[in-house]
Amino acid sequence: MKPLEELGLAGRYDELRRVLEAAGYTEETICRRLRLNRLADFELEPSRRPAVPPPATPSDLLVAFFLEGVYVSRASVDTFLGPGVAALFEGMGLLEAADADRCAATVALYPLDGLYIASSRWSSADGLVFETPPDVVYPALIRNTRLFLDLLPDTPCENLLDLGSGTGIAVFEASRYGARHAWAADIAERSTRFAEFNRRLNAIDHVTAVTSDLYEHFEGQTFDRIVSHPPYMPVLSQKWIFMSGGEDGEQITRRIIEGLPRHLDDGGLCFCLTMGSDRTGSPFEQRIREWLGADQSSFDVALVVRKQMEPEQYAVRTVPFEPRPRAEAKAWRELFARLEVVSLVYGLVLIQRRNGAGRTFTVRRQATPGFRRADWQWLLSWETAAAGGRLVPAVLDSRLYASRRTDFSVLHGLTGEGWTPKSYRLSIDQPFSMDCKIDAWAAHLLAQCDGVKTGRQLFQQLKETGAIPSQASASEFAEAVRPLISGGFLELEGFRPPQAAE
């Protein structure tokens, strides 16, 4: 393998990009050749991919060379891509010769969202066992990175910091959304090299790639947006930097959050896709708040859970779901018992700073399969408004709608007067999966929320019918309906969930 210092050595980035573009090397052509629905379905393990015919087009050749990672002849590179292209690849540190005729790519290079992204290889061209280096640069095209990119904030910001940036893909995406300047920071020098290579290949100016152990390089510097897809897997011993989150998986995430009081601007947002744990008497979202330390009263915390796993599931199986050796499984059980881990939680952590807010919030929601960026943006928008003094006027002066996705269940009990309602429950699957017990008055309210009456009119109606006490105040009513709005059961103008607004 060529030394890392040779990556991009010739500096012919514009020429390289033109070759890739002229060959029609796109996500569509890759998916067509490899019979994929989307690029995120690409299998890193060669044995799991379908057999494909020999390259017949320039794009096919690039797929074989840069993505499948197989040997190709040097002559075929020039034949399909033009004279001198093999020499261009070699000068940029992308090609190494196996013998006089065959050559292989030193990196993986692929199109993604209209960019070209290079990362470490994940297999060897000769099919032998591939030794993955500890500082391997994680590919940007796989599912969990795709999820991270799809959920990233899409609003402009002044200064953005990506911690654990890998290839730099997140800051490149952010630059499109209007980040005035973005920093790609990673503890691994290899990642910095790849991020800088990718920056130059895509001709992006307002991005800086630096080697930094989280905030180490940024003492005294603040940002209005900090994003991270950190290493979060619990490990008994570190193997790969990109996945090792310490024995509880939270080591990197915890340090990121602990640094927010020093590095996140007032009004700023931290966006983190990670995994942590609920522990006895201490759910993950509450532990996140505690990591903010003495300044936690200036921060809102929202956790959107995508998956939960019992500790025993993790103890007995590895990430690819291979059974663990008995001794290793025992070590995991003992660790989780010592830490009092109740469940492992994978999801989106959102932390925003509001100095002097007076009232902040901590919320937890369960994502559904269709969860998307607009859903968490709606959640933060509503919770911020409600906590920021706009709750009462928003509820009273807006028309209210009952979500058509709500299911209403009544549990009856047999008494001397026959079947009598004992409890009421609501459930919903959008924008989040929610299930909650309600009082009878809330059931009466939802039945009347037709999008015509305002909250004030409905409040008066409930008092007149005796559904709520006549002495109840407007602020008490607004506080009582707040959980119904946060859960998506009740909608109001200006804060309708994304699905309702479409």
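Mentor: Salt bridges come first. Side chains of opposite charge can pair when their charged atoms come close. In this predicted model, glutamate 43 and arginine 48 form such a salt bridge through their side chains, at 3.9 Å from N to O.

Trainee: How many salt bridges does a search of the whole structure find?

Mentor: The search finds 40 salt bridges. One of them joins the side chains of aspartate 150 and arginine 146, with an N to O distance of 2.9 Å.

Trainee: Where in the chain do aspartate 150 and arginine 146 lie?

Mentor: Both are in helix H6 (residues 143-151). They are four residues apart there, so about one helical turn separates them. As for accessibility, aspartate 150 is partly exposed, with a relative accessible area of 37%, whereas arginine 146 counts as buried at 14%.

Trainee: Which elements does the salt bridge of arginine 456 and aspartate 397 connect?

Mentor: The side chains of arginine 456 and aspartate 397 meet at 2.6 Å, N to O. Arginine 456 belongs to helix H16 (residues 455-465) and aspartate 397 to helix H14, so this pair ties together parts that are 59 residues apart in sequence. Arginine 456 is partly exposed, its relative accessible area being 42%. Aspartate 397 is also partly exposed, with a value of 48%.

Trainee: Which residues do salt bridges with shared partners join into one network?

Mentor: That network consists of Asp248, Glu250, Arg254, Arg279 and Arg287.

Trainee: Next, helix packing. How do the axes of helix H14 and helix H17 cross?

Mentor: For a helix pair, read the distance between the axes and then the angle. The axes of H14 (residues 373-397) and H17 (residues 474-486) come within 9 Å and cross at roughly 155 degrees. An angle over 145 degrees counts as roughly antiparallel, so H14 is roughly antiparallel to H17. Their crossing is right-handed.

Trainee: Which residues meet where H14 and H17 are in contact?

Mentor: On the H14 side they include Trp378, Leu379, Trp382, Ala386 and Leu391. On the H17 side, Phe477, Val481, Arg482 and Ile485 are among them. By class, the residues of this contact divide into 14 nonpolar, two polar and three charged.

Trainee: Is serine 423 buried or exposed, and which residues does serine 423 touch?

Mentor: Serine 423, in strand S16 (residues 418-428), counts as buried because its relative accessibility is 14%. Not counting residues up to four places away in sequence, serine 423 touches Ser409, Val410, Leu411 and Lys437.

Terms used. Residues numbered from 1 in each chain as written. Predicted model: local features only at pLDDT ≥ 70, side-chain atom pairs only at ≥ 80, totals over all residues. Heavy atoms only, no water. Axes fitted to C-alpha atoms, helices over the stretch in contact; angles between N-to-C directions. Helix = DSSP H or I, 4+ residues; strand = E, 2+ residues; numbered from the N terminus. Parallel < 35°, antiparallel > 145°, perpendicular 65-115°, else oblique. Left-handed = near helix turned anticlockwise from the far one by under 90°. Contact = heavy atoms within 4.5 Å. Nonpolar A, V, L, I, M, F, W, Y, C, P; charged D, E, K, R; others polar. Salt bridge = Lys/Arg side-chain N within 4 Å of Asp/Glu carboxyl O. Buried < 20%, exposed > 50% of the residue type's maximum accessible area, 1.4 Å probe, protein only.
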